[in-house]
Amino acid sequence: MKKIKILILTLGFFTFNACETLELDNLDNPNALKPSQADINLSINRAQVEFARFVNGIGDFGAELTRIEYMFGRSYPDVYGPATFDLQWNRGYDIIKDLRDMNVNAEATGQLKHIGVGQILEAYIMIALVDHFGPVPYSEAFDTANLNPAPDSGEEIYSAVRDLLDEAIANLQTTGAPGGSNLANDLYYNNNFSRWVKAANTLKMKTYITTRLVDPQALAAFQALVTENNFINTPAENFVFNWGDNIDNPNSRHPFYGGAYAPGGTTGYRSNWLMNVMKNEYAVTDPRMRYYFYRQVPDVLANVNPETGAQLRCILEPIPAHYENGGHTFCFIPNDQGYWGRDHGDDSGIPPDGQLKTTWGVYPVGGKFDDNTFVKINSNNLGANGAGITPIMLASTVDFWRAEAALAGGGEGDASVHLSRGVTRSINFVKSFINRDATANQALVPDDAVTAAYVADVVSQFNSAGLQGKWNILGEQLFISVYGNGIEAYNYYRRTGAPSDIQPNLELNPGAFVRSFWYPSQEVAANARINQKESVTVRVFWDNNPQTGFPPNN
């Protein structure tokens, strides 16, 4: 981790050029504060913000692979190169190193709640790194004398993280000064430490549902935490980061807002698969759709030249046989109504469609609520001006975990009841974002009757489906609910292979699905103990599904 340590020691004081090649490991930076000199509250503030950026960045990879977001690339082995992961890898380790440095001062002054909050952030980061890369450095990673820390197994890190979460809970429950001192700025729970404890327990639940295929005791441990009833169980307890609407000094807006709302139009594409499921899968349109997606036009085909297809070239192309045979939407969704996106794996060039295509809505990035005004994007001050959220762990996600546990035969209750509650909670949480867009016409907010009809249809289809159909519907609804953070969707997809009827890659033979990501190029170059993987088909420790042909519809 040689180059990673350079970043850790200097991040926050300098900006590095991506092509920097100087070897500075053995030099002390005279401008850098020593851990004992750093302000504890400034350290935890920075860690909280960088943590949200880490979740945004790493969660986007899983979202693309699971069709929550559009993925550019027809060959899975080549969609993401090793250099793709340098930033998020460095950011994750930077945060933990900063927290460890903070702990030196916090322990000396007895400010244990700061330590407890940091331990939860550390635990989440390490779980995410394992889930995406497999074995990674941890036990030796922060020894500055060791430039080649060995990777720990995923099992070892999961075990260590559970112990760390127990320590965090003890630290958070400390009372009296100075151990019970509040954070100057708790950017997640406003110093409600009982909610931080619930977040810690929920993160432990996450480790058990994730490992249920390889640990015979995992579902029992998961259920024990359910019985204790001290986990994220209401929207008020949701573990999210709220971004601001300031554009300069500093820019506090959601990191995805700037590209979505820019002079000259929007960048990127929304997923045709997700928009089609939400628009056409059930008897009524998903009530979250106007919050997730903002349309610039009321109709796709009316805005495309039918002879040249200049704005949307796929309208002149025949539907691929594997799309037609599987009944998958192609190019644009049926009954399109202006939902302008792209298919999974479409690697076409970018036409002049910045003021035509659909972009992020008010949820989660703080864009515009879709109220049929079809205002063209030509500004970076529209909608909620970027005052969105990064969703990390939601009460609705716990409901979907409980439904999964019940469906797998190791959880309590009826899976359909958990599913119903999870969908309802997700919709109601998303609908609360209407007040973030002061310009929205609230007459088009879906009412409670629409929500009830939608949930009833989801549950009805779930109850009438066979086992595979149940896994598919549960997966679809989980994927919809975690919009803005694809980590849970990516894990679920590798655990279950569902939804098995998901839109496949546009390429008929895209290669084997990404079961884990390449190690970052900087890490492989700097750390002699890290060898690059042979392929992206290498499975993480909790994935014991077939090595080939899985997931079944990639």
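Biologist: Let's start with α5 and α7: are they roughly parallel or antiparallel to each other?

Modeller: α5 and α7 are roughly parallel to each other. Angles under 35 degrees count as roughly parallel, over 145 as roughly antiparallel, 65 to 115 as roughly perpendicular and the rest as oblique. Helices here are DSSP runs of H or I with at least four residues, strands are E runs of at least two, and both are numbered from the N terminus.

Biologist: What should I know about the model itself?

Modeller: It is a predicted model, where local features need pLDDT of at least 70, side-chain atom pairs count only at pLDDT 80 or more, and totals for chains, interfaces and linings use all residues. Residues are numbered from 1 along each chain as its sequence is written, and side-chain values use heavy atoms, with hydrogens and water left out.

Biologist: Good. At what angle do α5 and α7 pack?

Modeller: About 20 degrees, with the axes of α5 and α7 11 Å apart. Axes are lines fitted to C-alpha atoms, for helices over the stretch in contact, and angles run from 0 to 180 degrees between N-to-C directions. The crossing of α5 and α7 is left-handed, meaning that the near helix is turned anticlockwise from the far one by less than a right angle (clockwise would be right-handed).

Biologist: Which residues of α5 meet α7?

Modeller: Lys-113, Val-117, Ile-120, Leu-121, Ala-123, Tyr-124, Ile-127 and Asp-131 in α5, and on the α7 side they meet residues including Phe-193, Trp-196, Ala-200 and Leu-203. Contact means heavy atoms within 4.5 Å. The contact of α5 with α7 holds ten nonpolar, two polar and three charged residues. For those classes, Ala, Val, Leu, Ile, Met, Phe, Trp, Tyr, Cys and Pro are nonpolar, Asp, Glu, Lys and Arg are charged, and the others, Gly among them, are polar.

Biologist: And how does α7 pack with α6?

Modeller: At about 165 degrees, with the axes of α6 and α7 9 Å apart, so this pair is roughly antiparallel. The crossing of α6 and α7 is left-handed. By class, the residues of that contact are ten nonpolar, three polar and three charged. Among those that meet are Tyr-158, Arg-162 and Leu-165 in α6, with Trp-196, Asn-201 and Tyr-208 among those in α7.

Biologist: What joins Ala-177 and Pro-178?

Modeller: A cis peptide bond, with omega about 0 degrees. Pro-178 sits in the loop between α6 and α7. Another cis peptide bond links Phe-550 to Pro-551, with omega about -10 degrees; Pro-551 lies in the segment after α18.

Biologist: Switching topic: how covered is α17?

Modeller: Mostly covered, as ten of the ten residues in α17 (487-496) are buried. Buried means under 20% relative accessible area, exposed over 50% and partly exposed in between, using a 1.4 Å probe and protein chains only. The buried residues of α17 pack against α2, α5, α7, α13 and α16. Just after α17, Gly-497 has a positive phi of about 70 degrees.

Biologist: What about phi at Gln-337 and Asn-385?

Modeller: Gln-337 is not a glycine, yet has a positive phi of about 50 degrees. Gln-337 belongs to the loop between α12 and β5 and is partly exposed, at 34% relative accessible area. Asn-385 has a positive phi near 55 degrees; this residue lies in the loop between β5 and β6 and is partly exposed at 21%. Most residues other than glycine have a negative phi.

Biologist: Where is Phe-293, and is it buried or exposed?

Modeller: Phe-293 is in strand β4 (293-294) and is buried, with a relative accessible area of 1%. Beyond its neighbours within four places in sequence, Phe-293 touches residues including Arg-270, Leu-274, Met-275, Tyr-339 and Tyr-483.

Biologist: Last one: how many helices and strands does the protein have?

Modeller: The protein has 18 helices and six strands. Its radius of gyration is 23 Å, close to the 24 Å that the globule rule gives for 554 residues, so the protein is as compact as a globular protein of that length. That radius is taken over C-alpha atoms, and the rule is 2.2 Å times the number of residues to the power 0.38. Of the 554 residues, 58% count as buried. Among contacts between residues at least 6 apart in sequence, 75% join residues at least 24 apart.
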